[in-house]
Amino acid sequence: MPLSRTLSMSSLPGLEEWEDEFDLENTVLFEVAWEVANKVGGIYTVLQTKAKVTGDEWGDNYYLVGPYTEQGVRTQVELLEAPTPALKRTLDSMNSKGCKFLAQSEEKPHVVAHFHEWLAGVGLCLCRARRLPVATIFTTHATLLGRYLCAGAVDFYNNLENFNVDKEAGERQIYHRYCMERAAAHCAHVFTTVSQITAIEAQHLLKRKPDIVTPNGLNIKKFSAMHEFQNLHAQSKARIQEFVRGHFYGHLDFNLDKTLYFFIAGRYEFSNKGADVFLEALARLNYLLRVNGSEQTVVAFFIMPARTNNFNVETLKGQAVRKQLWDTANTVKEKFGRKLYESLLVGSLPDMNKMLDKEDFTMMKRAIFATQRQSFPPVCTHNMLDDSSDPILTTIRRIGLFNSSADRVKVIFHPEFLSSTSPLLPVDYEEFVRGCHLGVFPSYYEPWGYTPAECTVMGIPSISTNLSGFGCFMEEHIGHELLDPKESIYILDRRFRSLDDSCSQLTSFLYSFCQQSRRQRIIQRNRTERLSDLLDWKYLGRYYMSARHMALAKAFPDYFTYEPNQADATQGYRYPRPASVPPSPSLSRHSSPHESENEEEPRDGLPEEERYDEDEEAAKDRRNIRAPEWPRRASSASSNSGSKRNSVDTAPSSSLSTPSEPLSPASSLGEERN
């Protein structure tokens, strides 16, 4: 039977087994964030997906603290009574002062409080100001000033050391929030960020070098589809095709079997998320496909929420026309089948001239007439409130991608998050991603990037950049052979190239993807899905463990010691076979990747360069996974009372730093690229 996702973790012997040897009975962990049971952005995903791993580590000593919202309480929280009189008095006091609560806790001697982002940072500052016996950690997922600066179209990364941070924050009227974020970073025992690129940013804007980088992960088991993930791609693609049939009614002059679906999704930050580069690359791709006579058609989706007042009438009409055609075809099919059945029942072959009558032809002619329209299929699925000034629509008008019959690239702007209850495109985000062929995220400012990570977990190739945390992480862990086009994922260079050169590189990525055969795309999905183990919280959660151990050692030196040791390089990963491929050994003949039923091609006469041997490919992939460096266990100290504490795993990984080590943006990024 296929290898399960949980078992595949045992295929990574390069990582030490983490053994929590210190006494968790005498410690408690509070994690504080505005997005606890309150979905606003990516931090909600971090906390939600990490909760199981952290809960398994800390058990009943792990508590999440967030804002009290009625919606969150109704849908995501279980109501509990205070278990102790002391806690009940505390919560009653909070309630009497107008602070609603929903919590459960016990008094413990050693407390670790982990605060996410500046919104929660005020609690950290008060803990230190009041000298509370709490080990504090502060994590910034994106600096406040950095997000504002990038939104202003400045040359951000080449001028990090030149910004007058107080002046820039004051001019943008965020000085009070910036000061709170900076104070939290400096007050914390341990300061962390989510990626190396954000660590460079934080050092220059917040004036403190992060102690450790804590990359964001995912709950891989949630997305694991075992050997069916190729079939799930075909099923989800069929749902998208139904929408495309309705949206392009009257202009459906392209072959859906030769149509590729690209997408970009996330917050509507036109330049930060790279939507400007993506649109320009699509215009160039459209030209290349047209002049080279390509039969491929590309439908590019922009899933970015914006201000709208309703669905576009023409878009809703398209889905209604599609449904009417489907109902008409079913009606004619039932009448045809009934006449065929009656004819065969009496033992005679049917007279084909009598199978359809005038009423049937009239019904079909009416249905065909309903599909006629003079205007082009709409670019936007909704009525925009600021249609004339919207960045995406303005750029589309400039580059001339209006979904005409001559265009080989079609654009659909869906300014609303996807939902399975939508009357227009009734699929949730996960199903939509599975049905697409390529995710395109050419971000300029992306501290981590969950969208390409989710694509990787679901076996969908994606394009990221070396200015995103995810892209830097993948460059660090994957050899260059796996980063080549047609192999797995793509990393776009937006750090060391001009904007025009980056756009040209993105165009070449998209065009090379369009030239791939269906079989090559299947192989690429297999290789991409194999990378998902790198993003599992079972692996990345250990960086958070190291940060907590480090904070305990700094806050309670009599009980915990922190002795950084040089980490030994491991032997690297044994790159596991993807869950989509059966683990049976290949014989003397070449094996093929596990294909979906709807995407199978004839195997006879397959060119040698397209043959696929899973064992050979897995061995090649193992050679292209770089050996990670990992923290070593530090020695333990004894308490003043003479009771000996167990050792703590607090030594730094390669991401850890000391205040004396300089951090240069150019040199650090250069090391990641080499």
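## Helix 8 and its partners

Contact here means heavy atoms within 4.5 Å, and by that criterion Leu144, Leu145 and Tyr148 in helix 6 meet Arg177, Tyr178 and Glu181 in helix 8. The structure is a predicted model, and in it helix 6, which spans residues 144-151, packs with helix 8 at an angle of about 135°, the two axes being 9 Å apart. That angle makes helix 6 oblique to helix 8. Sorted by class, the residues of this contact comprise 4 nonpolar and 2 charged, with no polar residue.

Helix 8 (residues 175-187) also packs with helix 5 (residues 117-129), here at an angle of about 50° and with the axes 8 Å apart. Helix 5 is therefore oblique to helix 8, and the crossing of helix 5 and helix 8 is left-handed. On the side of helix 5, the residues involved are Trp118, Gly121, Val122, Leu124, Cys125 and Arg128, and they meet Arg177, Met180, Glu181, Ala183, Ala184 and Cys187 in helix 8. The residues of the contact of helix 5 with helix 8 divide into 8 nonpolar, 1 polar and 3 charged. Arg177 and Glu181 of helix 8 are listed in the contact with helix 5, and Arg177 and Glu181 are listed again in the contact with helix 6.

An open sheet is built from 6 strands in the order 11-8-7-12-13-14, and the pairing is parallel. Its edges are formed by strand 11 (409-414) and strand 14 (490-492), each of which has a single partner strand, so that one side of each is left without a neighbour in the sheet. From one strand to the next, the twist averages 25°.

Within this sheet, strand 7 (residues 259-265) and strand 12 (residues 438-440) run parallel and are joined by 2 bridges, with phenylalanine 262 standing opposite leucine 438 of strand 12. Helix 19 (residues 499-514) packs on the sheet, where it touches strand 7, strand 8, strand 12, strand 13 (462-465) and strand 14, and its direction makes about 160° with that of strand 14. Helix 11 (residues 229-247) lies across strand 7, strand 8 (297-303) and strand 11, and runs at about 95° to strand 7.

## Strand 13 and serine 462

Strand 12 pairs with strand 13 in the parallel sense, again over 2 bridges, and the bridge partner of glycine 439 in strand 13 is serine 462. Along strand 13, Ser462 and Ser464 point one way while Ile463 and Thr465 point the other way, and all of them are buried.

Serine 462, which is found in strand 13, has a relative accessibility of 1% and so counts as buried, given that the cut-off for a buried residue is under 20% relative accessible area. Leaving out residues up to four places away in sequence, serine 462 touches Leu438, Gly439, Phe441, Pro452, Cys455, Thr456, Ile489 and Tyr490. One of these, Leu438, is the residue that stands opposite phenylalanine 262, and another, Gly439, is the bridge partner of serine 462.

## Two loop residues

Lysine 207 is found in the loop between helix 9 (196-205) and strand 6 (212-213), and with a relative accessible area of 41% lysine 207 is partly exposed. Apart from its neighbours within four places in sequence, lysine 207 is in contact with Val165, Arg182, His186 and Ala202. Lysine 207 and valine 165 are 42 residues apart along the chain, and their C-alpha atoms are separated by 9.6 Å.

Alanine 37 is found in the loop between strand 1 (27-32) and helix 2 (42-58). At 21% relative accessibility alanine 37 counts as partly exposed, since the buried class is limited to residues under 20%. The C-alpha atoms of alanine 37 and glycine 66, which lie 29 residues apart along the chain, are separated by 7.1 Å.

## The chain as a whole

The secondary structure of the chain comes to 23 helices and 14 strands, and buried residues make up 54% of its 674 residues. Among the contacts in the chain with a separation of 6 or more, 76% are accounted for by residues 24 or more positions apart.

Conventions
Residues numbered from 1 in each chain as written. Predicted model: local features only at pLDDT ≥ 70, side-chain atom pairs only at ≥ 80, totals over all residues. Heavy atoms only, no water. Axes fitted to C-alpha atoms, helices over the stretch in contact; angles between N-to-C directions. Helix = DSSP H or I, 4+ residues; strand = E, 2+ residues; numbered from the N terminus. Parallel < 35°, antiparallel > 145°, perpendicular 65-115°, else oblique. Left-handed = near helix turned anticlockwise from the far one by under 90°. Nonpolar A, V, L, I, M, F, W, Y, C, P; charged D, E, K, R; others polar. Pairing = 2+ DSSP bridges. Buried < 20%, exposed > 50% of the residue type's maximum accessible area, 1.4 Å probe, protein only.
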